[in-house]
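Please have a look before you set anything up.

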Amino acid sequence: MEIIEVKTRDRVLYIEKEKTETLFMNPKIWKIPGAAEEILGVSVYKGRLAVYYRLGSERDAKCGILMKTQSDMAVGIAAEQVAGEGEINREELTEVIPGIWERKSD
Amino acid sequence: MGDQQLEYLEFQADEVHYLIPLSWVDRISDRTKKKGRTVLIDFGGLTSPGRGGTQQEYLILADEEKAGFLADRVLGMRTLDRRAFISLREPALNETNRYLEAAVLLPEEQEGEVLAYVLKPEILKERQWKL
């Protein structure tokens, strides 16, 4: 499948390109009181809320990647760097959240 | 004021902005004046565990002073249109934080705009003001 490779502070993640809605720099991410530990925060993108999962980066991350969803709320992750694009065999990966993968650890 | 216009008191705790319906607010007090029966609601301790509420100077008293929201800053009144509310859903919400009715973007002089959470105090009251 076609992917975008991104680096968070301590993980390398593979974003399924066809499920990606947008990628943008310097997202403004706010804390959510009482949210689950896996939730980093929320931002507003084109009038919709976007919830970020905690996958290695913090709220001061350099880029935000939002995934396509059916609901009126987007979901995504924060990352430090876009490392490249390419194709990768799905069998080498494990899905972390829908559309976001990382390498199997064996 | 139209049906959609509502008045809120805006306050800040641990950099997070909150809006409490003005109809729930009894008065604003210095936290050192807390009465024994008032339950403290410490959002700052929730969003930064370990921070504790001791740095927060203000107390927003509600429900006949049974509840006191700790605040770093009290930012004043806001009249908001419900149509500006942005719904919160899972995974932002879970069983514990359904007292967040919505989010809203507020214009701010220094930060451009800031996200604030609209509180639904009746949910907290049902839980004896425990977060």
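1. One term first: buried means under 20% relative accessible area, exposed over 50%, and partly exposed in between (1.4 Å probe, protein chains only). This is a predicted model, where local features need pLDDT of at least 70 and side-chain atom pairs count only at pLDDT 80 or more, while totals for chains, interfaces and linings use all residues; side-chain values use heavy atoms, with hydrogens and water left out. Residues are numbered from 1 along each chain as its sequence is written, and chains are lettered from A and ligands numbered from 1 in the order in which they are written.

2. Asp63(B) has a positive phi, near 55°, without being a glycine. Look for Asp63(B) in the loop between strand 5 (58-62) and strand 6 (67-71) of chain B; strands are DSSP runs (E, at least two residues), numbered from the N terminus. Asp63(B) counts as buried because its relative accessibility is 11%.

3. Glu64(B) is in the loop between strand 5 and strand 6 of chain B too. Glu64(B) is not a glycine either, yet its phi is positive at about 50°. With 56% relative accessibility, Glu64(B) counts as exposed.

4. Check omega at Glu90(B) to Pro91(B): that peptide bond is cis, with omega near 5°. Pro91(B) belongs to the loop between strand 8 (86-87) and strand 9 (100-108) of chain B.

5. Over in chain A, Met25(A) is part of strand 3 (residues 20-25). Met25(A) counts as exposed, since its relative accessibility is 53%.

Note on methods
Helices (H or I, at least four residues) and strands (E, at least two) are DSSP runs, numbered from the N terminus.
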